[in-house]
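Biologist: I'm new to this one, and I'd like to learn how to read it. Could you walk me through it?

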Amino acid sequence: RRRVSGELWVQGQRTGSGYNFAAEGTLTLRPVSSLELQLLPQIYFSFGEPRYIGSGSQENELHLGRLQASSIGATARATYAFTTRLTVQVYGQLLLAVRHYDSFFSYRRPLDEARPAIRLSELMPAAAPRENPDSSDPVLNVSAILRWEYLPGSALFVVYSRSQGATGTYQPGGAAVLDLGILSRRTGSEALLLKWSHWYG
């Protein structure tokens, strides 16, 4: 019931060929009894692990590259109660994710093994692929819900939602970056929904 409260979670992990770091937080504000605001930021970073990126030019050849992945995002929620029976909730989520590969490898899969276990010692250095495997994915989601309980057990909901996402690709030699501007290249989808429930008692 405090006006300001928060939580923080942090994790770091060292792997055989890289490391991972993740952090999430929650900040809750209650300036008045009828209003609650909540912010949930998150960050993730991974570096060094070889990951599959595609097939090579030769039969049973696999291409891998060391992945550097980053994502930054935040979720915001707001709830306001006009009365005990009339409330509005607003939700927004923004996420920026990027994947960059370097230090490429190749691996020749045995013909008699469909899914072999690949060891780091078996990877051979290789040139960068002709198509850049880097990518970035910004996502924006927004929604609002108006709830009116006009009778006990009976309610009317008005819901608005908007979703917008895009994928950024890069030319050979380029490197993926966190770029919110990619969203402007793709139109979003919107929806307006009405839900009515009535209890006959």
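Modeller: Let's start with S154, which lies in strand β8, residues 154-165. Strands here are DSSP runs of E with at least two residues, numbered from the N terminus. This is a predicted model, where local features need pLDDT of at least 70 and side-chain atom pairs count only at pLDDT 80 or more, while totals for chains, interfaces and linings use all residues. Residues are numbered from 1 along each chain as its sequence is written, and side-chain values use heavy atoms, with hydrogens and water left out.

Biologist: Is S154 buried or exposed?

Modeller: Buried means under 20% relative accessible area, exposed over 50%, and partly exposed in between, using a 1.4 Å probe and protein chains only. S154 counts as buried because its relative accessibility is 1%.

Biologist: And which residues does S154 touch?

Modeller: Contact means heavy atoms within 4.5 Å. Leaving out residues up to four places away in sequence, S154 touches W148, E149, S197, H198 and W199.

Biologist: How do I read empty space?

Modeller: Rolling a probe the size of a water molecule over the atoms shows where empty space is left. On a 1 Å grid over the protein atoms alone, a cavity is a set of points where a 1.4 Å probe fits but cannot get out; a pocket is an open set with protein on both sides within 12 Å along at least five of seven lines, and lining residues have an atom within 4 Å of a point. Points are joined across faces, edges and corners, and a volume is the space filled by probe spheres set on them.

Biologist: What volume does the largest pocket have, and which residues lie nearest its centre?

Modeller: The volume of the largest pocket is about 300 Å³. Its lining has 13 residues, with S55, H63, P129, R130 and E131 nearest the centre. β3 gives the most to this lining, three residues.

Biologist: What about the largest cavity's volume?

Modeller: The largest cavity has a volume of about 40 Å³. Among the residues lining the largest cavity are L96, D137 and I182.

Terms used. Helices (H or I, at least four residues) and strands (E, at least two) are DSSP runs, numbered from the N terminus.
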